[in-house]
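Please look through the sequence and the structure, and then follow the notes below.

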Amino acid sequence: MVAQEQLRVVRCGGSKLNGSRAAFSADAKYLLCATGDFVKVYSTTTEECIHILQGHTNLVTGIQLNPQNHLQTFVVGYKIFAFYCLAGSDDSGFVIIPKNNEEASDSFQLALVRLTKAPGQEVETKELSLILDDIDYSPKCTAFGREGEYVASVRGLHLRVYFFKKKKTHSFPLSARTVKGANNYFTCVACHPKEDCIASGHKDGKIRLWRNFTHKKEYTFSAMHWHHSAVMDLAFTVEGTNLLSGGFESVLVQWRDVSESKKEFLPRLGSTIEHISVSPDGTLCCTSHTENKITIIQSNLRVSAVIQGLVKGSSVKTGLVVDPRTKALVLNGKPGHLQFFCLQSDKQLYSLDIVQQEYINQAGLSQTDLVKAAFSAQGNWLATVEQRQEKESDLELQMKLWVYDEQMQSFKLSTRVNMPHEDHVTALCFRDTDGVEDGIPTLVTAAKDGRFKVWVTVDESDTDKQSVGWICDFVGSYHNYQADNCCFSEDGSLLAVSFEEIVTVWDSETWDLKCTFCHPPGKTWSLCFGRLSCSKYLLGTTDHGFLCCWNLLNCALEWSTQLGVIVLQPDPLSENIAAVSCISEGSDLFVFRPNEPRPLCIQKNVCRGKVQCAVFIPRNVPETVGSEKYQWLSRSQLYFLTETQELMTFSTKSPEMRLTPSSKQLASEESLPMTPFYVLLGKHREQQQLKMDADLGKPVVHSHSTQSSPAVKELLHTPAHVLPSATFLCSIFINSLLISKENKSNGEVANEVEMESEKAEDESDEDIDHTAMEEDPKLTEFWGEMTPKLSKSQEKELRKIRKTDFSWISAL
Amino acid sequence: MGEFEVHRVRFFAFLPSGVRCLARGPALALARLDGALELYGPTASGFQEKAIPGHEARATQALSWAAGGRLFGADLGGDVAEYDLQKLRIKYTVDGFGGPIWSLAADPGGTRLAIGCEDGSVKLFQVLPDKIQFERSLDQQKGRILSLSWHVSGTRIVAGSINHLRVYNVDSGRIVQRIRVERRLLSSHRRECVVWGVAFLSDGTVVSADSAGKVQFWDADKGTLLETHPVSSSAVLSLAVSEEEDSLVVGTSEGAVYQFQLLPVKRGSTESRWVRTKPFQHHTHDVRAVAHSRTALISGGLDAQLVIRPLMEKMHGQGYEAVLRKVTFPHRRLVSCARKARLLLFQFPQHLELWRLGATNAAGRDGEVLPVSRDPEHLLQLKSKGPDHICCSCISPCGGWIAYATASRLHLHRLQLENGSVVAIQRVPKLPKLLCPVYQLLYSADSSRLFVASDQGSVHVVQLLEPGGCKHLQTLCSPSGTAEAVQLLAVSADGDWLAATSSDWAINIYSLQQFKHHCTVPAYNCPVTAIAINPATNHLVIAHSDQQLFEFSIPEREYTAWSRGVQQHGLHKDWLERDTPIAHIAFNPRQPTQLLLHDTHMLCILDKSLPLPDDNTPLNNQAFLKQLSVKARRGHAHAFKICKKYQPLLFMDLLDEDCLVVVERPLTDIQAQLPPPVQQKKFGT
């Protein structure tokens, strides 16, 4: 009955939010956004992801609201590059597909498809009629005009307009380069919704407004120039009164009345604007940025919400780090920032400005770069290293030490060290001070200048202010070789530092050199100590591909093997060590214990190309893994970053299983997000049920509590200006919080809720998508059999608790 | 093709005068800041057909065409003048009695003129057959009237003043609408707003262009603002509307010209809107005058350029008319050359300069710059007397005689030279009175005769006498009895033939032996830009403003075979699309088949013995030919050898067999003389 568990490599969030234009729902309450294979639905007011729409097996390339039926959305996936549908015709749409349906083909065509009114989610169509040939695949390069009378498409230096009534195409060419060095290549196009006017964006930052194009000869255009580099996207507002444009400058420009003299700016949006979309009711617009961000902007050009995904820079120099406090993934974010990304909720917690300098948007400028980051074991300290190198000889280094401030709930700069080393810092690590008596936080940095330095805290408090600073305590070196790696043993008593081909072990109390290892020869790439029962082992990889394991008790090489290991990562909660090797094209994963001759798990070809870095992230709740082989996944989860900056993880669950929680989320009433107020109401009720003795540290959430109370519902849904006075409402509200006489068992309540919520889902007016997942009863059965210890309702409760975001509590 | 020793002359400090106003009518009339008037042909050839030299005291502010092809001008002296376009002078002037006149407009019928004066009055004049007569004065207001426009009905006038637009009823003379023009929407500083241009459209819309950089559309009946288009951060100085009233053009003080078009909002709907469409930046300074023809936008600026920008959508394909034209220099000869004496005479508006060319004793190869052994020398400056500007001048080939003419009189000077320097200059007294007016002067090759081009198609022949006298020999009259003035003269080297071109484009050839009319060249419907008689064959070579070339055999009284061949084959399209006319024709004495031609941008040697190029081969193929072997070169060579090294070229002539003189006037030198342009922020600087 139980299917054979298989280890699968899965995407785990952090996927691109900026791949295509986002779409607003008709009432602008929700924003639909294609991320990877899914469509995420965000609330535009709270920035929360409300649910995820799944169904595609490949990249989602476009979202289009059905103008006929605002409860319906078309979502298209790969091989259809764009989809358009018009207000006038409900049975047809337009798609951009490769010519002859060949994937390799370079030319694309715009075709008309007849949409059959099928009840299912997927629409299959056979009828295709060609409209325009040889167009650009990008959805930005094709736009439909006023009342669907014409379609404009740009490619290269040509604007083509096809008139549906006359069935004629007009082509308007531009010259490649003018005397003044303008670059006239088209980048995007937009059509005025009410007038015969086409706006086109160009590589040199010009926006051209084409008019009178119904005449082949007497067409005319005017140019508006503000952007200094290519116009990335253009959008007209709903009534066509304003034109929005954006590009590399990360400034949203609003051209009022579509005239050059009346423009307004929304600057400092962070990074290049890639897409602009406008809500159908005209209240909001949103911009998608290269740093994986969607900014929701009100019509008065004020940012109302920011949906931030995982920022993917050009390179992750810090590697993947785990914040021990929040269990968030920490890595390079925006230039000069460190981002804290919560993998469970797939959203950025916050971004810490490390460099604290204005980022200048200019090509070829050498910027200060964040290269290293490390947390102390408890997450109290964060050490970062930033560098800027303009010329070979001219290196600027800065190390910063940040202390966690409980009140601010954030890191605060404690010490800044200019030029901690004379050359690039190669590694830094904190000593785990848990088991040590004195517990002075200690940091070790290793650098190319052949030294490693030990930094400790000193009390710099004076009478009115308590403060702690860091000073250098010890400088070690070994024959002036470059120090490449450093690493503390689990108990903090030993420090291993590798100097090119030699690994040295130092006593962390006296800073004496204890022993050296240099066999087999080869420059050491990475170094780590074994943990728990294997703490007597020291592991290292060399550039010859050797993975060596030394026994620290007898100072001898225990074993070595040539695997071509590129990443070595110990699990902090177990003896397991993950090694990723890359011999040919793909990367292979080995999970082993240093004291066991056979690896626990081998997974071949986890991804194409080299794995950049990997990290174990402890699970909040240990997962039950049936197979012994995958037991190593139960307490921590291994994440890794591929060459293409894709964050991946390993999972033993079948794809359907992974999907279920998201469809369950629909159960909450009207898909409202978990606001603190919402949770507070729920908690209040829970507390009453538990005779007011629930402890505050363990928040309990009952999502159904508000549903059952019509009074609260009334209170929350009536607009403030028509509400009766508070004194009148008070008694009703208080009454609603009292315990009802009915006494159902927990299980019954839960079942009822499930039924109710399913009903609510069907009846809800707010349901904007028919592609939403229906709950599969078989799956729940399957799930239930898997975990026989828990009752169905208990398990449900648990899952709910797990899904809740408690981060707000810490802010209380 | 032969090599020449070239005298590259850059010391002609000619400064063209800025364009003040333009008027479109039977021809395009242009008035310059120095009071000169120029007429450009109705075809978009951009050839300056007629010119009236300026006057010291005349600062024409406005021009207007009235019925019957009559041209009127108004100037700051307070006079309204009518121009005689045949005799190329001012016919009469009438005082407006309102102080300096800033604007002038003829009503749609062309029977009445309205002038806007300094004292704030708008005065109406009636255009009578041979004069104009004061009719009435409209309500006088404060503030000078800077612009005027008539409604098509002829019953209303809109006047642009300082801070105000006023609409007058012509019949009652009353103001029916007063519109205040704000400088800025948020007027923090109280600077006045000058309405530099107005236009009254037939639907009752008034368009205004003002010094705040706005183009505004008003409803004249209600006095309400319809649309505002901020165009420039500095002033909008000029405004012109097309005849169909679907397009208008404005010129700004930043040198930019903008087109506005009335475009339908949707296809098939009647609602339409004025949209600013195309910007053009051809000028560096104030664009003081614009005009809108059916197929082109015309603008003239303080930088003395007249730019004719064809509207491609109104053109039918590429061709001679669809070329952007920039006219910077006058299409008249300003330089004359004494070949034997190696002297150059430069004509300025109010004086003449005589220079002796430098010399070298070195010899070099092609492309080398030779060292100058003797510097060019400024020999003489001859100031003209009276307020009139010089209209033409000439130096005799021997260098012994200088003649120049103003609108009122002809001056002839005897020059005595010794070792190349002026020893004495003596004015020839008592010139015959009948020689005036003078439009062109030419000496015969042996410097014994002076030919004076005069009005009504006549040419006077004057015998020059030693030591300093002259005698009127004969007057050659056009057989057709034209009223037009003679514009161009050419005399044959042997002194037997004289060719004269008048403004009606007829070319008459006279025999100087018998002083009688020899023949007339068959009419070609295009202005003549240059004529010359080949000394070897006595063939007359004619260049027309549409870039066509003809060769007419004087003895045989017919076009030569080569000329017929050219017409049959057709000239190269690149040749036809050049934008400046041929200014001068010379002949290579060593190679009778070679013609030397030049326009502002190129110098061309036309070898009649070689085949004509067709459109597929490049016209300018010198660089290509240089790579080929001598044998292969012969196969690819064609008749046109073009040299673009000297730009802009004002004058070119052959001194002797292998010595050439070119006169350049670099545009940067002219721009350096102009006031600094309006400061503009440029991105990235």
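## A pair of strands in chain A

In this predicted model, A:Val60 stands opposite A:Gly77, which belongs to strand E7 of chain A. The two strands concerned, E6(A) with residues 60-65 and E7(A) with residues 73-77, pair in the antiparallel sense over 5 bridges.

Of the 6 residues in strand E6 of chain A, 5 are buried, and the strand is therefore largely enclosed by the rest of the structure.

## Where chain B meets chain A

Between chain B and chain A, 20 residues of the former are in contact with 20 residues of the latter. The two chains bury about 1700 Å² between them, and 50% of this area lies on carbon and sulfur atoms. On the side of chain B, the residues that lose the most area to chain A are B:Lys266, B:Arg267 and B:Glu313, which together account for 35% of what that side buries.

## Polar and charged links

The count of salt bridges between chain B and chain A is 3, and one salt bridge joins the side chains of A:Glu195 and B:Arg273, at 2.5 Å from N to O. Residue pairs in polar contact between chain B and chain A, with both residues at pLDDT 80 or more, number 6.

The elements that give two or more residues to the side of chain B touching chain A are its strands E24 (256-264) and E25 (272-281), and E25(B) gives the most, with 6 residues. Sorted by class, that side of chain B has 8 nonpolar, 5 polar and 7 charged residues.

Terms used. Residues numbered from 1 in each chain as written. Chains lettered and ligands numbered in written order. Predicted model: local features only at pLDDT ≥ 70, side-chain atom pairs only at ≥ 80, totals over all residues. Heavy atoms only, no water. Contact = heavy atoms within 4.5 Å. Buried area = accessible area lost by both parts, 1.4 Å probe. Salt bridge = Lys/Arg side-chain N within 4 Å of Asp/Glu carboxyl O. Polar contact = N/O pair within 3.5 Å; in protein donor to acceptor, adjacent residues only side chain to side chain. Helix = DSSP H or I, 4+ residues; strand = E, 2+ residues; numbered from the N terminus. Nonpolar A, V, L, I, M, F, W, Y, C, P; charged D, E, K, R; others polar. Buried < 20%, exposed > 50% of the residue type's maximum accessible area, 1.4 Å probe, protein only. Pairing = 2+ DSSP bridges.
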